[in-house]
Amino acid sequence: MTDQRPPTGRSGVSSSLLGALYLFCLLAASALAGPAAADPLKEFAVARGYALEVHATGFFLPTAIEFLPGAGSDPGDPYYFVAELQGRINVVSRDGTVSEFAMVPTFGEQDTGLSGSSQQGLAGICVAAEQRLLFATYTRPDEGDVIRNHIVRFRISEEDGGLVGVDPVQIAPVLGDFQSAPAHQVGDCVIVDGLLYVGVGDGGSPGSATNPDVLLGKFLCMDLEGQPCPDPPFGSEGPAAYVYAKGFRNPFAVAYDGRRLVVAGNGVDLDRFLPVARGLDHLWDGHDFSLASLAEVLFPQPFSPVQLAFVPAGTAFMEPGWAGHYVAAGFGSDEVPAGLAMFGGQPPEGDAAVPPRYLIQFMGEANAQHLAGVGIGDDGLYVSPMVPLGEQGSVVLRLRYDPDAAHPVIASETAGLRRGADLNLLNELGCTGCHEIQGEGGGIGPVLDQFRFHYRITETLNSRPYEERLRAMIADPDDPFSHMNDAREAVLAASGRQRLNVWLVNMLQEPRFDNPDRQMPDLGLTAEQAAAARDELFSVLRVHVDGGGRWSEYWAAVQRNWRPLLAGGAAGIVGVLAILGLIASSRRAGRRRRRLPVRG
């Protein structure tokens with residue numbers, strides 16, 4: 001999340017790039033050897049300076065975290081609750097001990113694929129500490145397998161030093177009168193001043209979101225007995241009496257920041273964060289463009305926030321200068337990795353709100369992991385990846401700012417939350433383990449972007465000091481890399497951006513061909529592999545090495561593939577000639593038939 005100074009001097013270009021690759025190789029080698037290979041956190045990256053650790057284990061598909069206000073300080077004291085998608089609610093002590101608090105009668109056939117019907121179940125939990133009550137939002141199919149939304153209330157009871165949920169009561173049963181749908185169902189809840197607020201998805205029916213008589217696509221308000229809040233804005237009778245605000249698609253992530261109710265809601269191809277205004281239509285009508293007009297922060301691609309919290313300014317376990325920001329656990333998508341995002345908040349006067357960026361970023365394959373729950377303890381942020389991490393099952397992680405124990409993998413510093421272009425070969429070689437490329441990877445080496453290649457590196461390679469050093473190496477009879485003289489001559493024979501093109505291929509094959517002090521090991525790449533890596537990088541960054549724009553890309557492709565193109569062209573010509581020959585033969589035969597005498 002910081003800018004880095006570009007490389008300068010005679011060897012800065014190559015040493016920064018290759019030195020970073022060398023560091024990555026060392027990290028990768030250590031990760032593949034010994035106990036580190038089993039590290040459940042190896043596929044997570046975090047913001048610079050933060051430590052990440054497992055606090056509790058043994059869950060399955062956790063969806064929400066809720067802390068117990070006023071929790072005791074002893075290791076065995078109950079500290080927070082964890083909801084699981086299949087209906088179990090757990091209570092976790094400060095030392096990470098997990099016990100069952102209650103069960104919710106929800107759909108229980110979810111799997112780790114989390115697609116389709118697997119996304120329904122126990123969604124959110126919230127606690128009224130003064131009244132010793134816990135509320136849970138969930139879905140349950142009825143006798144006809146139609147998904148219905150529900151809210152259940154438990155009384156928090158102490159038994160044998162632990163907490164259990166007793167006296168379950170269904171509240172606001174009117175919510176179940178309306179057909180819901182997976183991923184468009186009831187979401188999280190929050191309690192403010194003795195009132196319960198709940199976000200409810202549109203059930204896959206955008207037209208329902210603005211109809212106050214249908215409890216879908218709404219923000220609901222009720223008291224702790226499940227009765228409508230006083231002075232409802234859309235009507236005092238029937239379902240409309242529960243509606244606090246309307247016009248939402250999936251208002252899963254709800255929170256109270258001490259001043260106002262806020263929601264991070266899901267659109268189709270973007271997400272938005274905004275305050276919830278009583279009595280207002282928040283404009284969801286089936287189209288993403290309708291979501292932007294009221295948004296304070298937009299997620300430009302679908303991050304899919306599930307649970308939301310506000311971390312006040314100056315919180316001890318956050319980085320120095322923390323100004324107070326919202327954090328959201330994101331389910332993720334094909335375009336955007338799952339993770340924990342920070343954004344918005346209360347910036348200093350004259351500054352804009354912070355756009356979304358990662359505190360925790362999942363670095364594995366798209367949709368292989370999803371984050372759902374986030375909660376604020378007195379010693380860190382707690383988050384819940386849903387998919388199990390090996391033998392530990394699903395876990396709860398704790399994140400806190402501690403540079404001395406910082407997590408070794410650094411999250412992308414690109415603001416906005418997006419998945420970069422496909423970098424198959426560059427990922428395989430480890431480039432993104434060090435460098436940020438199109439919003440992916442980074443944390444060790446400098447950002448590799450179009451400007452750096454078009455100008456900084458090209459300028460250095462075409463400088464007189466670089467050329468003089470290369471010529472001196474060619475002339476040195478004792479040079480240990482004299483077998484690379486042809487490569488050096490090829491670099492000198494090129495000019496402008498074409499020199500960058502030639503240099504990068506040779507550097508990837510032999511990192512020390514122009515700098516014997518470079519520390520990156522030889523990766524053993526063939527000329528074809530090095531050219532493929534260069535081409536992938538230049539394609540992603542839209543770097544045109546000869547200044548010819550897109551036509552230069554086409555010409556380079558022709559040069560790389562001239563043999564198959566020539567063979568294909570020859571085969572095509574032969575085929576065309578054969579077809580023309582058949583047509584001509586057919587025409588001649590027709591003319592002969594017309595000249596034959598008619599027999600009487």
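**The disulfides**

Mentor: Cys 221 is buried, and Cys 229 is buried too. Buried means under 20% relative accessible area; exposed is over 50%, and partly exposed lies in between (1.4 Å probe, protein chains only). This is a predicted model, where local features need pLDDT of at least 70, side-chain atom pairs count only at pLDDT 80 or more, and totals for chains, interfaces and linings use all residues. Residues are numbered from 1 along each chain as its sequence is written, and side-chain values use heavy atoms, leaving out hydrogens and water.

Now join that pair up. Cys 221 and Cys 229 form a disulfide (cysteine sulfur atoms within 2.5 Å). Their sulfur atoms sit 1.8 Å apart. Look along the S-S bond of Cys 221 and Cys 229: the angle is -80°, and the link is left-handed.

How many disulfides does the structure hold? Two. Turn to Cys 126 and Cys 189, which also form a disulfide. Here the sulfur atoms are 2.3 Å apart. The turn about the S-S bond of Cys 126 and Cys 189 is -115°, so to speak of its hand, the link is left-handed. This pair ties distant parts of the chain together, 63 residues apart. Cys 126 lies in strand 7 (residues 122-128), and Cys 189 lies in strand 11 (residues 186-192). Strands are DSSP runs of E, at least two residues, numbered from the N terminus. Both Cys 126 and Cys 189 are buried.

Finally, count the bonded cysteines along the chain. The disulfides pair up as 1-2, 3-4.

Methods. Helices (H or I, at least four residues) and strands (E, at least two) are DSSP runs, numbered from the N terminus.
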